[in-house]
Every structure is written in C-alpha cells, then in structure tokens.
Amino acid sequence: MSLSFEGRVVLVTGAGGGLGKEYALAFAERGASVVVNDLGADTKGGGKSSAAADKVVEEIRAKGGKAVANYDSVEDGEKLIQTALDAFGRIDILVNNAGILRDRSFARTSDLDWDLIHRVHLRGSFLVTRAAWNHMKNQKFGRIIMTTSAAGIYGNFGQANYSAAKLGLVGLANTLAVEGRKYNIFCNTIAPVAGSRLTETVMPPDLVESLKPEYVAPMVLWLCHEQCQENGGLFEVGAGWIGKLRWERSQGRIVREKNQPMSPEAVREQWDKICDFTDATKPSSVQESLQSVVSVLSRVEEEVSASPTAAVTAASSASGINPAEAVGQKLPPTTFSFTHTQCILYALGVGMSTKDPDHLRFLYEGHSDFSCLPTFGVIPSQAAMMDGGLASIPGLNIDFTQVLHGEQYLELYNPLPTSGQLTSEATIADVLDKGSGAVILLDVNTYNGDELISYNQFSVFVVGAGGFGGKRTSEKAKAPLPPPKRAPDAVVIDSTTRDQAALYRLSGDWNPLHIDPSFAAMGGFKSPILHGLCSFGFAARHVLKQYANNDPSRFKAIKVRFVKPVMPGQSLQTEMWKEGNRIHIQCKVKETDAVVLSGAYVDLHGASEASPESLTKGGGLQSELVFAEIGRRIKDLGAELVKKVNAVFGWEITKDGKNVAQWTIDLKNGSGSLHEGPYSGKADVTITVSDEDFMEVAQGKLNPQKAFFAGKLKVRGNIMLSQKLEVILKDYAKL
C-alpha cells in the first residue's frame, strides 16, 4: 500500500529549489498540505526574493495540491510555524533544509563567515524546531528532519564553519530524539548527496547532473511517515543509495593503577591497543558510553593492574573462567570410524523415509548415487564435546550440568565419504562474557587423512558462568543472520515421530535428556526433548530438496541458533528465503508457532559448471566464463595483481532484476583468490550489475564509470576503487 500524507501539514525550509523543492513537491503529491519556505537569497546568504517559493507553490497548486509560501528567514522560526497554523491549523512535519555556503580555508575565515553559517544552519534549525515543538508535543505526533553533510561527518578542506554547524545538527537531533520519544516526536538526520546550488561549487557538472534530488526525497518521506519508527538515526543518501551510520568504539585499555599517577608514557605503551577496533563496541546512548568509564573505577579500586589481562584474571577467579588461559588451547584429537550404516542411521534420525523416492540415495547403500547427508558432518566432530575434552582445558572450571548448545556452524569443503576414518582437531577459539553466562566457541576441523573436509563451530552457553570481565563479542564467531523482511519464498512442513529422539541418539548423542523421562523432568521438561541438531538436520535437508534437488555436492555451509526445544511427535515448519546462493531459514513448531531455529541460513554452491555453448544460449550466466578466466589468471599472476589492486571486490550478478550469483575477487590478501557464493570476509567495494552489462564492461564495450552514472552498475563501499576495474577486467580477463 502506498504511503499517504493526507491530513498532514509539512513545512520545508529552503524549498525554493534543489532538494527542498523536491521534498515539497513529493509531500504535496501524496496529499500533504505544504508550507514552502524560501528567503530567496543567493548561496552566500545575500539578497531576498519571493519568486522561488511562489513558483514552487504554483507548481503544486497546478497539480491539485495544497501549498502556501513563506518568505521569512529561518531565524524568524515563529513566523514560519505561524504560517502553517494560519493556513492549515497544525504542524506535523518539519524538514530543516535551508542552507548557505561561505567556503574559506580556516586561516581566512572571518567572524562573519563563521557566524552567518551558524545562524542559518544550526541556529535557524533550532529556532524553527523550537517553534514547532510544543504543537507537536500537544498533538502527540511530530516528525523532524535535520540536514547534515559529509563535510560535517568527515571534515572537508575550506569548510570549517560549515562542517562545525552541520555536525552540531547531528548532536541537536540526537537529543531531540531522546526528549521527543515519549511524545511520539521522532527526529532523524540525513546527509544528502545531490546536485544543488550548494554542491555545484564542489562537484563536476556531470556528477551534479547525475545526483538528482529525486533520489533523496523518498528517504525523507519514509522517515516522516507515521509508519516509520526510526528515531535518532543518521543516514547518508544519494543516487538511490541509502546507508545508516553509527558510532564505533574500541575496547580501550586501562592505563593507570590505584594510588599511582597516570603518565603519558603509559598511554604511549598501550596506544596500539587503545586504537585497536577488534571486537569494537557500538554505544548508542550516554548511559552505554558512561558504563565503560564507571566500570573502570571499580576495577582500579580493586587494585586491578594496568594490564587488561590482569583485569580479566581478577574477575575470572570468582567465575571459574579465565579466557587468557583457555583461548587457543587444543583438545585431544578424536577419531571417528564409520561405515554406510552410520550414514543411513543418521538419515533416518533426521526424518528421511523410503516413502519419498528422493530419499533413497541417502538410505540405500546399493543406490547408484548413494551419498551421505551433508549435516552428518557434525557427527564426527561432536566427540570433542561429548568425550569430556572441555574438562581438561585450563581456565574452564565450569559446571557441565549448566552447559547448553547455543549455536552451530558447519561448512563442508568436500562431500563427505560414506565410510572410513576421520580425525577431528578442536581448539578453544574464544570465550565471551554474556553477563548471565559464558559462551565458549569451539572450532573443530575434521580431516580425511591429510584432507580437510569439514569445519564446525560449536557455540556453547554455560549458565551462570558470566561476570568474569571478558569481552561480549568476537570476530571469530560465525554470526547468525535475520531473514529478509518479506513472506517466505518456500515453506516445508515435516512431522517428527514419537521415537525421533530415540532414533537420532543412535548417531552418538547419548544425553539422557532425550530419552529418560525422569532426567528430562530434572531439567524442567514434561518429557524428553528432541536434539537441537536433529531439528538442524531436518531444516538442512528441507533446503537441500527445495533448492538443490537433493544434490549433496551443492551444500556448502549452515548456521543456526537454537531457540526453543521440540517435543518428539511435533511438526517442524521450515520457512525459506532465497537470496542468491544463500537460503535464509527459520524453523518453527507448527502446532505452537514457536520458533526453534533462528538467525539461520544455508549456503549452497552454484549449479555445476555448464558448457560455454549452453551459457551463451541464455540457459546460464555468461559472466561465469569471465570469472573462471579471472580465477585462472589469479592462480598465475595473483601476487602481481595484489600489488596493483590491493582491494577486495564483491560482485552481485543479476538477471531479470534478481540476484543470481555472487563472486568475490580478493586481491588484497596473500596471493589473491576468487570465491563463489557468500564471502565470510569484508569486501572493500561491492558492485551490482546485470549479467549482460557485466559482459559489456568485461569486453571493453562499456566504460565502468559511464555504466555507474547510467545506473547500470551500482557500487557500495569505496567507490573510488571502481577505477581499478580496468586492471582486473581489461588486462586480465579478455575473452
């Protein structure tokens, strides 16, 4: 349903042209009554004219809209709001857009240059907003937009006055968001990039022409609509792209001791760690900001030394957890010998049945395509958990009756064999302090001889073991991901049997919680519960059938978070969203609608390589040919390419408007590499382009910069790196 502003009254300052005009027209088109404010001054604040505002009002009225003009300066804020009240009886939405420029290098900035910029941008926005505030407060509704700039967020030469005022608006908006929340007054800030009188002085003409105001206005309208609950946000927007910004803070370091002076030398010694953003926090309020400082006071008073390790060690003594001792410790290697019997037993344990002919390849060793289900990959590795290996690790003095399986990640590097002997090596990857408990990340690599075939990460939650002063997050953790905000693309419902847990436990998880009623009662359950990894197996095979035609070679990885238990006999409902080769999933109990697996996804490999002839006939993607060639060249010339490019490029290939393939060209790390499908690292720049346009660029028929400005090539991240595309495509991937 389209967003309507019928009945709303909007005031847009600086609406005689550029962005302000576009906002006014867009609001009016959707039914709002609009006050078009414009002083009619030039870009430096000189002069005055009613012509600009009048022209916009005439355009709105000619289209059947409702609008009045106001010619006052934003320094006369009360007059602007009074115009809205006199004409329409209320004020609902305020867009503070008016602005001027007086660019000077800092040394040449006069008092007038400084004061005039602040009077219009910062003081003007304050005065107009203050005049509207009580009206919005009394009617329990208000939406306010502040306009900042990249110059305010990042700084820009020759714009010290402008930058200071623009960042001041961010602080003003943040406080208004806090104060206005309980009155349903929301305030957000945008940093628009658009062609206007102000930007034409700092941008090339062709870029100004490409960055149209109509690519910014929809964002402003959404933030101002009653359905939008965003408050206190800061957004960059332009060219049809929108990104949200937030603060990030390093973990920091304590550089003083009790009853000892703090010295600059101590700061110097810890400087690298102070500036290390590994496991950075993202404070979003004054309270969160102060929390770290207050916690330092107590730690220093307890005579914690300046060493962060000592701080954690002191808190660890009470909880029995000491990350400094535990992290990096290796568990004793385990071996797992199996035949086709274990593969079949596992398949039955996760609900496969001869009732479905497609399941026979996993249930009958004589089948021509007999295979092992990919999620069987957790079975060889779980011995590290089951055999008491964690108890041998120094720094992990925990109560094993309080251990819960929180999350699981599995990645296969090759299809699993159907028999043999596998060796697993487990390492404590990290230990996290969640307050109410501790999380242990256990990484397990499983080998078939010398060949690495799978990697598991067990995320184990230990109830009551938190509070040891450790970090809350880890870059080593495989993070769960929320599904897209739309209806699922596919849903599969599958019933478990009353004996499902009794059958699944035969694959090696002998916990009596899943079979013994009296033991389950001790855990607070009415009856034995299903293994979380059994639900995990159900969900994975649903994806494998729905999107990979039950081909185990297509399986790459799966991540899940275990939320609630399932009772044997209940039905599992797996909801699936396809995003390229990643299938987001959520699993529920159908009878209760309770979510049991969340933040989950399955990554698939692309379909088998097609022949060049079939690809070029439209059945596949022509771009696969180019990426295959790039991959070959990276193997031969990777080191040379890394020196030339030094960047990671992500590619999203579309066909008929839908993402159909993902590739990552890593020319930053090691000797370079090419990855198909979702990439676990971070790309410096991500490029979205259709298969057809990609081929045009690769063959030199379409210039990448021209493709960008034509909207055929979309870029996220460091846009300047697109200049290096020619090195990758033209020099190294000619067909």
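Strand S22 (685-690) is mostly covered, with 5 of its 6 residues buried. Buried here means under 20% relative accessible area, exposed means over 50%, and partly exposed is in between, with a 1.4 Å probe and protein chains only. Strands, like helices, are DSSP runs numbered from the N terminus; a helix is H or I with at least four residues, a strand is E with at least two.

Before going on, a word on the source. This is a predicted model, in which local features need pLDDT of at least 70 and side-chain atom pairs count only at pLDDT 80 or more, while totals for chains, interfaces and linings use all residues. Residues are numbered from 1 along each chain as its sequence is written, and side-chain values use heavy atoms, with hydrogens and water left out.

Back to S22. Which sheet does it sit in? An open one of 5 strands, with mixed pairing and the order S21-S20-S19-S22-S23. Two strands count as paired if DSSP finds at least two bridges between them. At the edges are S21 (673-676) and S23 (713-717), each with a single partner strand, so one side of each has no neighbour in the sheet. On average, neighbouring strands here are turned by 20° against each other, direction ignored. For that and the later angles, axes are lines fitted to C-alpha atoms, for helices over the stretch in contact, and angles run from 0 to 180 degrees between N-to-C directions.

Now the pairs. S22 has a parallel pairing with S19 over 6 bridges, and there Thr654 is opposite Ser690 of S22. Towards S23 the sense is antiparallel, with 5 bridges; Val689 has Leu713 in S23 as its bridge partner. Further along, S20 (residues 658-667) pairs with S21 in the antiparallel sense over 4 bridges, and Asp666 is opposite Ser673 in S21.

Next, the helices on this sheet. H22 (residues 623-645) packs on the sheet and touches S19 (647-655), S20 and S21, its direction making about 25° with that of S20. Contact means heavy atoms within 4.5 Å. H23 (residues 691-698) lies across S19 and S22, at about 110° to S22.

How do H22 and H23 pack against each other? Their axes are 9 Å apart, at an angle of about 45°. The two helices are therefore oblique to each other: under 35 degrees counts as roughly parallel, over 145 as roughly antiparallel, 65 to 115 as roughly perpendicular, and the rest as oblique. H22 contributes Ser623, Val626 and Phe627 to the contact, and H23 contributes Asp691, Phe694, Met695 and Ala698. Those residues divide into 5 nonpolar, 1 polar and 1 charged. Nonpolar covers Ala, Val, Leu, Ile, Met, Phe, Trp, Tyr, Cys and Pro; charged covers Asp, Glu, Lys and Arg; the others, Gly among them, are polar.

There is also an open sheet of 8 strands, again with mixed pairing, in the order S3-S2-S1-S4-S5-S6-S7-S8. Its edges are S3 (66-70) and S8, each with a single partner strand, so one side of each is left without a neighbour in the sheet. Within it, S1 (residues 9-12) pairs with S4 (residues 93-95) in the parallel sense over 3 bridges, with Val10 opposite Ile93 in S4. H4 (residues 111-139) packs on this sheet, touching S1, S4, S5 (142-147) and S6, and its direction makes about 170° with that of S5. H2 (residues 51-62) lies across S2 (33-37) and S3, running at about 175° to S3.

Two loop residues next. Most residues other than glycine have a negative phi. Asn184 has a phi near 65°; its place is the loop between H6 (160-180) and S6 (185-192). Ala239 also has a positive phi, about 60°, and belongs to the loop between S7 (234-238) and S8 (241-245). Are they buried or partly exposed? Asn184 is partly exposed, at 26% relative accessibility, and Ala239 is partly exposed too, at 41%.

Ile583 counts as buried because its relative accessibility is 0%. Beyond neighbours within four places in sequence, its contacts include Val543, Tyr547, Trp577, Ala600 and Leu604.

Last, the chain totals. The chain has 25 helices and 23 strands, and 48% of its 735 residues are buried. Of the contacts with a separation of 6 or more, 70% are between residues 24 or more positions apart.
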